[in-house]
Amino acid sequence: ETKPIAPNPVPLPPGLNATCALWSLDWRALYVGTQEGAILDFRMEGEPDLLTRSEFGEPVSALGFTIGQTSLLVGGAKGKLAAYQLVRVNEVFQLQPFHAFPTLDGSVLGFTHGLRDKRFLAWTSTQVVVDHLTTERRLFSAAVDKAAQATIAPRGDLILVSSSDGLVRSWSLTAPHADISQKTLWGKVHY
């Protein structure tokens, strides 16, 4: 007999409406984005327990991870794009923003990531971008029409976008050493 992992509803704080959710790979954490712009981090061992809440500033439309699942990617309904990490401050866990990226044209629909470095792909219905987490550099941007799904190859060198009218477009990406910048060489870096 198969038992459900979370047999009870996840209780959201009053006044919040979920727009998207994302499980951690070990199924112990559930991240929820809301219409009101909140990011909720639930621990799912036993009864759902709200560990922390962070404010994003606009309705959350997409959640994703970079490789390693140490950074939570958050996309907004107005195109805002940021990366958060769970940190402990005075024995209390907080989900804090650590990286911000240029705004996209429209509501962020999703994320995928490569398997070799900290680059990730984000898309809206009219734009696809590849950013590097650590350097906050935009490695690629293209206008698209009616994008429904997008992905980046494991090596991070090929981008595919399928549109709602059945077309698939592809691009090659050459960005060796995307993790090197003046900031990463000489400044403080948060991975």
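The model is predicted.

**Strand S2 and its two partners**

Start with strand S2, residues 29-34. Is this strand mostly covered or mostly open? It is mostly covered, with six of its six residues buried. In a regular strand, side chains alternate between the two faces of the sheet. Here both faces are covered. Ala29, Tyr31 and Gly33 are buried on one side. Leu30, Val32 and Thr34 are buried on the other.

S2 has a partner in strand S1, residues 18-23. The two run antiparallel and are joined by five bridges. S1 and S2 make a hairpin, and five residues lie between them. In that turn, tryptophan 27 has a positive phi of about 65 degrees.

S2 also pairs with strand S3, residues 38-43. Again the strands run antiparallel, and five bridges join them. Glycine 33 meets isoleucine 39 of S3 as its bridge partner. The S2 and S3 hairpin has three residues between its strands. There, glycine 37 takes a positive phi near 90 degrees.

**Strand pairings side by side**

| Strands | Sense | Bridges |
|---|---|---|
| S1 and S2 | antiparallel | five bridges |
| S2 and S3 | antiparallel | five bridges |
| S7 and S8 | antiparallel | nine bridges |
| S14 and S15 | antiparallel | five bridges |

**Two open sheets**

Which strands build the four-stranded open sheet? The order is S5-S6-S7-S8, and the pairing is antiparallel. Strands S5 (60-65) and S8 (92-101) are the edges, and each pairs on one side only. From one strand to the next, the twist averages 30 degrees. Strand S7 covers residues 81-89.

Another open sheet has three strands, in the order S13-S14-S15. Its pairing is antiparallel too. S13 and strand S15 (168-172) each have a single partner strand, so one side of each has no neighbour in the sheet. The twist in this sheet averages 15 degrees from one strand to the next. Leucine 160 has serine 170 of S15 as its bridge partner.

**Two nonpolar cores**

In soluble globular proteins, nonpolar side chains tend to be buried together. The largest nonpolar core in this model has 15 residues. Those with the most contacts inside it are Leu121, Val128, Val130, Phe140, Ile159, Val161 and Trp171. Strands S10, S11, S12, S13 and S14 each supply at least two residues of this core. A second, separate core has 14 residues, including Cys20, Leu22, Ile39 and Leu95.

What does valine 161 touch, leaving aside its neighbours within four places in sequence? Its contacts include Val128, Leu167, Val168 and Trp171. Gln149 and Arg169 are also among them.

**Aromatic pairs**

How many aromatic pairs are there? The count comes to six. One of the pairs is phenylalanine 101 with phenylalanine 120. This pair is edge-to-face, at 5.2 Å centre to centre and 85 degrees between the planes. The pair links distant parts of the chain: phenylalanine 101 is in strand S8, phenylalanine 120 is in strand S10, and they are 19 residues apart. Both are buried. Phe101, Phe111 and Phe120 form one aromatic cluster.

**Two residues up close**

Threonine 112 sits in strand S9, residues 110-113. Why does threonine 112 count as buried? Its relative accessible area is 18%, and buried means under 20%. A polar atom of the threonine 112 side chain lies 3.4 Å from the backbone nitrogen of isoleucine 152. Leaving aside neighbours within four places in sequence, threonine 112 is also in contact with Phe120, Leu121 and Trp123, among others.

Aspartate 157 lies in the loop between S13 and S14. Aspartate 157 counts as partly exposed because its relative accessibility is 29%. Leaving aside neighbours within four places in sequence, aspartate 157 is in contact with Trp171, Ser172 and Leu173. Aspartate 157 and tryptophan 171 are 14 residues apart along the chain, and their C-alpha atoms are separated by 8.4 Å.

Conventions: Residues are numbered from 1 along each chain as its sequence is written. This is a predicted model: local features need pLDDT of at least 70, side-chain atom pairs count only at pLDDT 80 or more; totals for chains, interfaces and linings use all residues. Side-chain values use heavy atoms; hydrogens and water are left out. Buried means under 20% relative accessible area, exposed over 50%, partly exposed in between (1.4 Å probe, protein chains only). Two strands pair if DSSP finds at least two bridges between them. A nonpolar core is a set of buried Ala, Val, Leu, Ile, Met, Phe, Trp, Tyr and Cys residues joined through side-chain atoms within 4.5 Å. Contact means heavy atoms within 4.5 Å. A polar contact is a pair of N or O atoms within 3.5 Å; within protein, one must be able to donate a hydrogen and the other to accept it, and residues adjacent in sequence count only if both atoms are side-chain atoms. Axes are lines fitted to C-alpha atoms, for helices over the stretch in contact, and angles run from 0 to 180 degrees between N-to-C directions. Rings of Phe, Tyr and Trp (its six-membered ring) pair if their centres lie within 6.5 Å; planes under 30 degrees apart count as stacked, over 60 as edge-to-face and the rest as tilted.
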